[in-house]
Amino acid sequence: MEFLTVHSPALIIALPLLAAFVIPLLGRAGATIRDTFNVAILGFTAFLVAVLAIDVYTGGTRVYTFGATVPEMAIPQGYMVPVRIMFEVDAISIFMALATTVVTIAAFIYSLQFLKGETGQERFYSLLMLLFVGMLGLELTGDMFNMFVFLEILSIAGAGLASYRVNMADAVEGGFKYIVISAVSALMVLFAIGILYAQYNLLSIAALAHNMQYNTLDMIALGLLAIAFVMKLAGVPLHMWAPDTYAVAPAGITPMIYTSSAASMYALYRVTFTLYGGAFDTGAIGWVVIILGVLSMFIGVMMAIHQTDIKRLMAYHAISQSGYMLLGVGVGLAVLTDPVALASYGRDAMNGGIFHIINNALYKGMLFLTAEAIFFRIGTRDLNRMGGLGHKMKWTAAFFIIGALAISGIPPFNGFASKLLIYESVFRFNPLLSVIAMFVSLVTLASFTKVFYSAFTGAEMPSLGQVREVPRSMLIGMGVLAACIIFFSIFPGLVVDAIVAPATDALIDQASYINGVMGAAP
Amino acid sequence: MIQYIPYNIPFIAVALLVGIALYILIFKRNMVKIVMGVAILGAAVNLFLVALGYRAGGVAPIYTVSPQGPMVLPVPQALTLTSIVIAVSIIALMLTMVMHTYRHTKDVDAKKSRTMKG
């Protein structure tokens, strides 16, 4: 047990990575063996994430240095600075890792029967594991260059999966858009890393933050990093790729690509709070993030209203929901240097924004899965050609209702809990922003009501007479997410206190992150 | 000879390459040209990293057989190698996607082949 706790950061990455390359071999032995192996690996990784989460929430930040005699020894003897690659896991990293793991497991179970009969399944599962590794690595790493590498792993796997159905022309285009955006943003990140390395000869985030001088070059690097991550998380005005990619990716993958943009959002927060926090006045960056958030919220939902393709509609809602997270955390960033404002509302706003990340990964992921369940049965994503599906697909309809109510912020669902935190605290920062957020929430409800009426209610369409409920594994996949949503809805206070508030404190408390690595430095 | 080259010529080249790449990415519609744009951007960033790592008169950091003199820190070179490998795989993936698009539409012009409109 002790061994597992100490080495869990490395094993969490190593196991799925190993699995990704073993799967094609095992696939030759038969589908059952391969699926059993996948379930075992995912289950064990989830167990390790849970072990690490308990350790981090009770014992504080954990540093894992690769190649060191003792993993906690971040700085080798006789050196002043960390030279080895390291993972630094604090409360926000492990919070993101938990969200990623839940979504991946649900997506994997869902895919089991969804993929039946398709060709290239080994490669699908192989890439799925790589995408999982990419997200986890991005979230756990404590090294800038490592962040770039995992960003690339995530991008390549994501693009390969998005264009998995190469027999459809739009799938390839969605994948192409995604890879272009990802490649450009990753190269911008690398350029920024080069600028930082040239000045400080360091790659470790903690050591860089410790030595940061906030000169012009640092600001250029910050600009590059921020643009790159906003591009990757599909914030307006760099959101063009998201609807195309989300709409065409196969089921199970859309929630995962969506979660990977949440991982990019985590990277944005890590850079702005931890790398550039501290002595620097973050008010201006905070306002930029707030404005991006409001734009994403408003434009995303306005674009969603008139869509007739169910997955494109949900993709625009995904952009709009990202706006809430940016808004909440942006308010926290804007008042980071003002302790009074931070204590009275900034911290709550950040709690809301961060809680919204996991809520959204759950219900948005589930909504994407229900949309794909409909596509699986009737072969179209066009809302005008659906109708009366509620008679036959009762479970799917029920899951859709849960997701739609949660995303619109209807009490008592979890979306309401996080949005209420955002409304209340943002109102004290700037009432107008709060009003816009509420208005967007209303429009979201209107839009999902439209989807529900046109897809699930009404008389059965004669052309859809043969429709049946989707296979069991797809229902279980959606059920996993629905169960999490219901749990989060019943106990929002418990969840906020247990995992969200520590994550917020980890973002605010830059000194302890730096101390985790530089503590031993002379 | 080499030390007479002005120190910042590589950085001017980097700026030029980044400019060209961004121009291609923003204004060109042909998918093959977009792939070329990404490749040029990758080359620019790699050149930037290598130029950062260059120290006049430094020697390679191989401890066993190195001559006397200041050693070069090998980190930028290591970063560049990783980045080159990643760039190759990304470009290969992009080209397969262009190939599949061509198979579907008989065209690589992104403007004509967009089947999805916002």
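The model is predicted.

Gln77(B) is 23 residues from Tyr54(B) in sequence. In space, the two C-alpha atoms are 9.3 Å apart. Chain B as a whole contains four helices and zero strands. Its elements follow the order α-α-α-α from the N terminus. Of its 118 residues, 25% count as buried. Among contacts in chain B with a separation of 6 or more, 53% link residues 24 or more positions apart.

Chain A holds 19 helices and two strands. Its radius of gyration is 22 Å, close to the 24 Å that the globule rule gives for 522 residues, so chain A is as compact as a globular protein of that length. Along the principal axes, its C-alpha atoms fill a box of roughly 75 × 60 × 40 Å. Buried residues make up 62% of the 522 in chain A. Contacts in chain A between residues at least 6 apart in sequence were also examined; 80% of them join residues at least 24 apart.

The two strands of chain A form a pair. Strand β1 (residues 62-65) runs antiparallel to strand β2 (residues 86-89), and four bridges join them. Arg62(A) has Val89(A) as its bridge partner in β2(A). Tyr64(A) is bridged to Phe87(A) of β2(A). In a regular strand, side chains alternate between the two faces of the sheet. Both faces of β1(A) are covered. Arg62(A) and Tyr64(A) lie on one side, Val63(A) and Thr65(A) on the other, and all are buried. β2(A) is likewise covered on both faces. There, Met86(A) and Glu88(A) take one side, Phe87(A) and Val89(A) the other, and all four residues are buried.

The largest nonpolar core has 236 residues. Leu327(A) and Ile485(A) have the most contacts inside this core. Helix α6(A) gives the most to the core, with 19 residues. In soluble globular proteins, nonpolar side chains tend to be buried together. Leaving aside neighbours within four places in sequence, Ile485(A) is in contact with Leu362(A), Tyr363(A), Met366(A), Ile402(A), Ala406(A), Phe413(A) and Asn414(A).

Ile485(A) is one of the buried residues of α17(A). An α-helix has 3.6 residues a turn, so residues three or four places apart point the same way. Helix α17 (residues 472-490) of chain A has 19 residues, which should span 27 Å at 1.5 Å a residue. Its end C-alpha atoms are 26 Å apart, in agreement with that value. The elements covering the buried residues of α17(A) include α3 (91-114), α13 (339-378), α14 (394-407), α15 (414-429) and α18 (492-508) of chain A.

Helix α5 (residues 144-162) of chain A also has 19 residues. From first C-alpha to last, α5(A) reaches 27 Å, close to the 27 Å expected at 1.5 Å a residue. Leu127(A), in helix α4 (residues 121-140) of chain A, touches Ala157(A), Gly160(A) and Leu161(A), not counting residues up to four places away in sequence. Leu127(A) counts as buried because 22 C-beta neighbours lie inside 10 Å, and the cut-off is 20 or more. Val329(A) is 202 residues from Leu127(A) along the chain, and their C-alpha atoms are separated by 32 Å.

The contact between the chains takes 27 residues from chain A and 29 residues from chain B. On the side of chain A that touches chain B, the elements giving two or more residues are α5, α6 (169-200) and α9 (241-248) of chain A. Helix α6(A) gives the most to this side, with 16 residues. By class, this side of chain A has 19 nonpolar, four polar and four charged residues.

Technical notes: Residues numbered from 1 in each chain as written. Chains lettered and ligands numbered in written order. Predicted model: local features only at pLDDT ≥ 70, side-chain atom pairs only at ≥ 80, totals over all residues. Expected span 1.5 Å × (residues − 1). Contact = placed C-beta atoms within 7 Å. Nonpolar A, V, L, I, M, F, W, Y, C, P; charged D, E, K, R; others polar. Core = buried A, V, L, I, M, F, W, Y, C linked by C-beta atoms within 7 Å. Buried ≥ 20, exposed ≤ 12 C-beta atoms within 10 Å, placed from the backbone. Rg over C-alpha atoms; globule rule 2.2 N^0.38 Å. Pairing = 2+ DSSP bridges.
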